[in-house]
Amino acid sequence: MHLRPLFVCFVAVADVVMAASLPLRIVSFNIRYAATSLDTNEKPWSDRRTGLINQLKSVTANASSSGAVPVLGLQEVLDAQLNDIKSGLGSEWTHFGFGRDDGKKSGEYNPIIYRTADLRLVYSEQKWLSPTPDKVSFGWGAGSRRVVVIGVFEHIATGTRFMHANTHLDNVSSQARSEGIKVALARVQAVQEQYGPLAVTLTGDFNSEPNGDAYSTLADTGYLTEMWNSGATRLGTNQLTYTGFSTTGKSRIDFVWFGPADEDRYSAKQFEFLNNYIDSVFISDHRMVVADLTLK
């Protein structure tokens, strides 16, 4: 793993500035649900679990040793997988988000996972990406129910607040993707009205490549900036995030966004798409996206 400590370039005279800023490590990762009918080269969750959890532990430990606060936005997480991941990370980790099929434990979660020693959850919501976002529902011909999970967090040590949102857009309907990201953004902006002004990060599997339907819908608003386009340093050689169960990348559909773009609240430092083939096992059909930013 190539991710570097965040502060190696800082000097002692910057201590006052550093005290007023908050380094964050934002992670987006579609972990692949625990399928019972396996694709070619796919291993069951019981075989993928250890390598995947170890990668999450490494990424979060590296962040903490550098003084950064990690926030994880995961997709395709079933209830048993969520329990495994939280158990693997340790008892100081918790989550917000529910099963998308009943608002409880049924279906996939899009959980936001964070460490309670670092962050206090001030406000949270889960909304469905549909014309009726307050109800368990499908939207615009979607193949699955889709949700956005939003949290307002307060950094315990400094009192600094920020918002994080996490989503997974539909793989079937282009309209569902484009309309779904509009719902997600509308909810972010509604939370801003109540708790803002706040810095915002958004993670997700968009099932939409750059310049595709949902990606363009969000980019065209000018509200958020995607890490790839931020001027941040790209670490490693991987350029694609979805690989299937293959060592050859297929597309870039997993993203970290930040903003609001016109408020200059974040300094984007670096990002990387981590390898998903570990010890001869594909831990997922996606690569983890790891982004380091500093909240000014």
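Which residues touch the most other members of the largest nonpolar core? Of its 27 residues, they are Leu24, Leu119, Phe162, Met227, Tyr266 and Leu293. A nonpolar core here is a set of buried Ala, Val, Leu, Ile, Met, Phe, Trp, Tyr and Cys residues joined through side-chain atoms within 4.5 Å, with buried meaning under 20% relative accessible area for a 1.4 Å probe, protein chains only. At least two core residues each come from strands S1, S2, S4, S5, S6, S11, S12 and S15 (strands being DSSP E runs of at least two residues, helices H or I runs of at least four, both numbered from the N terminus). Apart from this core lies another, of 24 residues, including Val152 and Tyr223.

Before going on, keep in mind that this is a predicted model: local features need pLDDT of at least 70 and side-chain atom pairs pLDDT 80 or more, while totals for chains, interfaces and linings use all residues. Numbering runs from 1 along each chain as its sequence is written, and side-chain values use heavy atoms, leaving out hydrogens and water.

Now for helix H2, residues 45–65. Among the buried residues of H2 are Trp45, Arg48, Leu52 and Asn62. Just after H2, Gly67 has a positive phi of about 90°.

Tyr266, back in the core, is in contact (heavy atoms within 4.5 Å) with Leu24, Phe162 and Leu293, among others beyond four places in sequence.

Methods. Expected span 1.5 Å × (residues − 1). Buried < 20%, exposed > 50% of the residue type's maximum accessible area, 1.4 Å probe, protein only.
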